[in-house]
Amino acid sequence: MNRQLPITIYVLSLALVLTALTAGRAFAQGPQPPTDDEVNAVAKELFCPVCENTPLDVCPTQACRQWRDQIRSLLAEGKTSDEIKQYFVDTYGDRVLNEPPRTGFNWLAYIVPPLVILLGALSVVRTLKGMKKPVVVSPAGGADRSEARRLAEDDYAARFEEEVRKRK
Amino acid sequence: MLAQFGYGTLVLSFVVTLYAAGAAMLGVRNKSLAQIESARRAMLLTFPLVSLTALVLITLLVSNQFNVQFVYEVTSSSMPTYLKVTAWWGGQAGSLLFWSFLMSAFASAVTLHKWERDRELLPWVIVTACVTLAFFLGLNIFFENPFAQLYQTLDGEIGAYTFAPAGAQLFQPVDGRGLNPLLRHPGMIIHPPMLYLGFVSFVIPFAFAIAALVTGRTDDRWIRLTRRWTLWAWFFLSFGLVLGGRWAYDVLGWGGYWGWDPVEIAAFMPWLTGTAFLHSVMIQEKRGMLKQWNMVLIILTYCLVIFGTFLTRSGVLSSVHAFAQSAIGPAFFIFILATFSISIRLLIYRWADLRAEAEMTSMLSREALFLFNNLLFMGILVVCFWGVIFPLVSELFTGQKVTVGPPFYERANGPLFSALFFLMGVAPLSAWGHSTWQTLGRALWKPTLIATAITVFLYFTYTEKPAALLGFFLVALVLLVTVYEFWRGARARQQSHKESFFSALNHLTARNRRRYGGYIVHMSMVLMAIGILGIEIFQKETQGQLQLNQSLNIGGYTVTYAEIADFHYRDGHDVTRATVKVYRGDAYLGELAPRIDYYYTPSDIENTLQRMTIPGVRSTLADDLYILLVDWQPATATSATFKIYVNPLVNWLWIGCLVFLFGILIAAWPDKDAELVPARAKNKAYQSSAADD
């Protein structure tokens, strides 16, 4: 009896260690179901082709729920966010992305606004330069002074500045 | 019978409107005051006529005449009466009629008095207003008849017809489909009228601008005459946008208030040009500059108003093919093209007359900074416009539909809005006419220093994110400059008038309402920006499936799922409501009840089921806890999925909106019109002297 005890303990502890090890391995390697937050993080950047302008993560329709389930299973298979997006693009076209992809014709989406704004800025600066007359600085400041006075007369702000200056 | 009568008054309104436009033009050509007066009276007549048409439609709506297609589509017998009335603008045909109703009301208000001083402008104001009105009435008559009735033809098909097809029987559905439940929210009841009020009232300054161009009265008279109209138009449009945002936050259940949806942008674009216009007219009034540019802005605003209505009404957004299928799309398109090209043609014709009277003397002067402000507003407009139409362009040329979503707009508009804020901080300190780096620097260094100190403080206590810090710096700068402006003005007045500080502040604002009303609007922008920074940069979200008494943790809150229950309401809608308990740390904060409402409408033609996700919200100045019931297990009801957002600072957005409206009210509230007072006084003097005689 006494002789058998150490063996029993040995076997038992071995079993325990093995169980712990396998359990640990399962815990470390087994597929952990993706959380809702992980699903939403991907869904946020997608639009389903049916619901106009509603991002997938907040769309309440049944179809969109199925899409989110699909994302979940793709995540569970170990797919990355980019791979999943590509999968949806391949299946449904570019419109599922929340921005036009930066390819070919779509570059226009990104080029046109800055170009137009730049042109606008240039024309504003040109207008300002063109309107700007050379300021004649006479020693007495005569012309400037009278211009300033003329402005002061019709402008409340300038009158007000004057007031403040006087009171200092 | 009543429906046919309504259609009759609609057609009559259309004819009278066309007559008014025609008579006004003829009157100008024949130099006949009688003809112009006749046009004016016809214009005035459109209002009672369109009102009568609207009244007929409302009667049909309220009395459940479901054989009228429009009534069938937007009401059901279980809806309360007030909702049946507001269902007027709950569908396409009705909302177009609502547009016409407002247009005729405003045009009548403007032409109610005879404009003795500005007689030459009057006929062209009538023409512009009537052409616009006729267009919208025409849409109702030819494409979207709100009085069309349902008929069953011999082969059994049910369809809507203005006139009964041969052999067809009037079809009487038992009940209507009911108003889309999303549109039953109070915000959505007021939101479209506000937006439309804003849209339509921008037509008035445009009409005066066109009148000024045609007649060659290119001084700033048209601007002075319409200044208050413009401010009110801006008020309504802004209020409409705000209500739309609030509605989205309360009802749409996606944790935000603005999603860069094309429909939102459609209303935002005229707001951008309108805001730019409000700023740049000041330069024309003060300095006689930018006359051409102001014309461009008001023309753009008008066209964007029509374009916005077109985008939301033609179905073009879902696809260019939908646009081609509905007749209303091409009609809008042609109208926009025609009005735009005629306006631009007129502008080119008067281009030389609209030259500036003064010159820019400094790149840092107030007027130059205003010009940059305009550039930025136009920049945002370009981004928005291109973002909205790019999917259509892409579909047209490549056949591929793409989505232009929030990241596109946020990336492009973020810097532009920041620059606008910077200008908002700098411009009030610059002087008209001449400003230098030194004068500007002297005024600016103190607020800049304090704003920097605040930013540094926030860096150590609140956030390290650069975008947020930049945002907070700009916000602080604008706030300081604006408060400083008030303080400086009130102090000066206090000393010169020997008043208390607050009465000085009060009088100062009362005496210069446009200026200080404007500053209040600037301050409201600061508050709104705080809210926007909060939600854009610091929003947190999580989602999870909970068993009863399980919890989710987010941003210091603990949310525990307590119970779920179904309710059946008498008006036929069902509600599934979850109750959660909210804790912060160990402190119990209370219960919230996110829910889903189901509206099920059985009907003869098709059954509909619509659902609304209503969040449970706990709102404080620091943050909003916003909980959505996403899903649950109906069989056992033991587990449910919740989505929880923490939206920091978002309440400041709504507070800012209130301050914003208050600021516009201060600036726009009618007072004794400076233009009319002398005339009236003279009149009185004349009368009294006549009496003395």
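Visitor: How many aromatic pairs does a search of the whole structure find over all chains?

Guide: Please bear in mind that this is a predicted model. A pair of aromatic rings is described by the distance of the centres and the angle of the planes. Over all chains, the search finds 59 aromatic pairs. One of them joins Trp234(B) and Trp271(B), with 5.8 Å from centre to centre and 15° between the planes, and this pair is stacked.

Visitor: Which parts of chain B does the pair of Trp234(B) and Trp271(B) tie together?

Guide: Trp234(B) belongs to helix 9 (residues 221–252) of chain B and Trp271(B) to helix 10 (residues 262–287) of chain B, so the pair ties together parts that are 37 residues apart in sequence.

Visitor: How is the size of an interface expressed, and how much area do chain B and chain A bury between them?

Guide: The accessible area lost when the parts come together is often used to give the size of an interface. Here chain B and chain A bury about 4,700 Å² between them, with 63% of it on carbon and sulfur atoms. On the side of chain B, Met363(B), Trp386(B) and Thr403(B) lose the most area to chain A, together 12% of what that side buries. In terms of contact, 62 residues of chain B meet 49 residues of chain A.

Visitor: How many salt bridges does the rule find across the interface of chain B and chain A?

Guide: Side chains of opposite charge can pair when their charged atoms come close. Across this interface the rule finds three salt bridges. Glu99(A) forms a salt bridge with Arg411(B), and their closest N and O atoms are 2.7 Å apart. Helix 14 (residues 366–398) of chain B supplies the largest share of the side of chain B that touches chain A, namely 13 residues. By class, that side of chain B has 30 nonpolar, 20 polar and twelve charged residues.

Visitor: What span does helix 1 of chain B reach from its first C-alpha to its last?

Guide: Helix 1 (residues 2–29) of chain B has 28 residues and reaches 41 Å, close to the 40 Å expected at 1.5 Å a residue. Just after helix 1 of chain B, Lys31(B) takes a positive phi of about 50°.

How values were computed: Residues are numbered from 1 along each chain as its sequence is written. Chains are lettered from A and ligands numbered from 1 in the order in which they are written. This is a predicted model: local features need pLDDT of at least 70, side-chain atom pairs count only at pLDDT 80 or more; totals for chains, interfaces and linings use all residues. Side-chain values use heavy atoms; hydrogens and water are left out. Contact means heavy atoms within 4.5 Å. Buried area is the accessible area (1.4 Å probe) that two parts lose on being put together, summed over both. A salt bridge is a side-chain nitrogen of Lys or Arg within 4 Å of a carboxyl oxygen of Asp or Glu. Helices (H or I, at least four residues) and strands (E, at least two) are DSSP runs, numbered from the N terminus. Ala, Val, Leu, Ile, Met, Phe, Trp, Tyr, Cys and Pro count as nonpolar, Asp, Glu, Lys and Arg as charged, and the others, Gly among them, as polar. The expected span of a helix is 1.5 Å times one less than its number of residues. Rings of Phe, Tyr and Trp (its six-membered ring) pair if their centres lie within 6.5 Å; planes under 30 degrees apart count as stacked, over 60 as edge-to-face and the rest as tilted.
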